[in-house]
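Dear colleague,

My notes on what was found in it follow directly after.

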Amino acid sequence: MEVSKDTQCEREVLIQIIEDNNIDALTLLTDKDFAAAEHKCIFNLLNDMFIAGKAINPVGFAIENKEKLNSIGGGFTITDFLHQTVYGDINARIERLKEKTNIRKVVALRDSINNELDKGKKADAIFSGLENELIKYQSTGFTRTEITPEQLAETCIETISNRRDKEKLNKKVIFTGYKELNYITGGFERGDLVIISAKSGDGKSALAMNLSYHIAMIQKRPVYYINSEMTTEQMALRWAAITSKFNYRKMKVGDITDDEMVKICENVDKVYKSKLYTLTIPDLQIANILTELRKAKRKYNIDVAVVDY
C-alpha cells in the first residue's frame, strides 16, 4: 500500500456515506481527501446531491448520476463499487484519509524543495518559502495575519473610512429592527455569535422571529431560522401574524373577516418573495445545528442564522 494514499479506505468511506446517508461524514471531507480519480468523482456527485437537499441512498445515487458514473470508464460500475459491506467506525476512516491527505501535502512540498534545489535556488530562500507553506498546512482552522505598524495604521484609517461610508457599512454590518439591540451589539457581522437569554415565556421566540423577519424581508438578506418546537402549521400562523401585523390569537381560532383575509394574503406575499428559510429540529444538538448550517450555507448562502431554543 502506498504511504500517501489508501484507496480501499476511500472506497469504504464512500460506501458508508451512500448506504447510511451519512451527511455528517460528507461535511467533514473535501475532494482533496480522495486520491483516486473515480473516488473524487463519486464524492463530488454526493456533495452535489447533498447541496441540492436530495436524500442519499444506493438506488437514488445510481439513478441520479447514471450518465456521470458511466463516464468514469475503466469498467467501473456503481453496482460493483457498492457490493462490499462495510462495518466499523467511519470517523476512524475519515481520520485516516485526512492523514493521507497531509502526507500527500508533505510529498508535494518535498518535490517542490527538490525542484527548487535543481534550479539552483539558495537555501535561505527555500527555507523562507518552506516556513510559509508549513503555516498553510497547519490545520488549526484560523488564518494567521501578521501586519507591520505601518500596515496597522493604514488599516485603521481604511477601516474607519469604510465605516463612515453608509453603503459599505450596510454591506458589512446587518442591523436589526431594534434600535437598542443595534446600539448594544453595533449590528451583526460575519463571525459574530450573539446569545440572548431569558426565562420561558418572556418572548424569546417572538424576538427571534421578528429579527428574522426584519433581516430577511425588509433587508432582503438570506436568513436561516431554526427552532426545536413549532410545527409547520404553527410557524405559518406566526409568520402570517408578523408579516400582516394581525393578532396571532385571532388567526389561531380563525376569527378573520373576508377583508382581513385579503390583507393577510397581500402581506404574506412578502414571505414568498423573501430569503427566509426555516427548519425545525426536534433534537436540537450542537452537532445537528452545525450540520444543517453547513448545508444551508452551501445551498442558500445565508448571511444570518437564528437559532430559537
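**Helix α3 and its surroundings**

In helix α3, the buried residues are His39, Ile42, Phe43, Leu45, Leu46, Asn47, Met49 and Phe50. Please bear in mind that this is a predicted model. The buried residues of α3 pack against several other helices, namely α1 (7–20), α2 (23–27), α4 (58–64), α5 (66–70), α6 (78–81) and α16 (286–300).

The length of α3 was also checked. Just after α3 comes Gly53, whose phi is positive, at about 75°.

**The three-stranded sheet**

The model also holds an open sheet of three strands, in the order β2-β1-β3, with parallel pairing. Strands β2 (276–280) and β3 (304–308) form the edges, each pairing on one side only. From one strand to the next, the twist averages 15°.

Strand β1 comprises residues 223–227 and pairs with β2 in the parallel sense over five bridges. Within this pairing, Tyr225 has Thr278 of β2 as its bridge partner, and Tyr224 stands opposite Tyr277 in β2. Strand β1 also pairs with β3, again in the parallel sense and over five bridges. Here the bridge partner of Tyr224 is Ala305 in β3.

How many of the five residues of β1 are buried? Five of the five are, and the strand is therefore largely enclosed by the rest of the structure. In a regular strand, side chains alternate between the two faces of the sheet. In β1, Val223, Tyr225 and Asn227 point one way, whereas Tyr224 and Ile226 point the other way, and all of them are buried.

Which helix lies across β1 and β2? Helix α13, made up of residues 232–244, does so, and it runs at about 145° to β2.

**Points to look at in the viewer**

One is the set of buried residues in α3, including Phe43, Leu46 and Phe50.

With kind regards

Methods. Residues numbered from 1 in each chain as written. Predicted model: local features only at pLDDT ≥ 70, side-chain atom pairs only at ≥ 80, totals over all residues. Heavy atoms only, no water. Pairing = 2+ DSSP bridges. Helix = DSSP H or I, 4+ residues; strand = E, 2+ residues; numbered from the N terminus. Axes fitted to C-alpha atoms, helices over the stretch in contact; angles between N-to-C directions. Contact = heavy atoms within 4.5 Å. Buried < 20%, exposed > 50% of the residue type's maximum accessible area, 1.4 Å probe, protein only.
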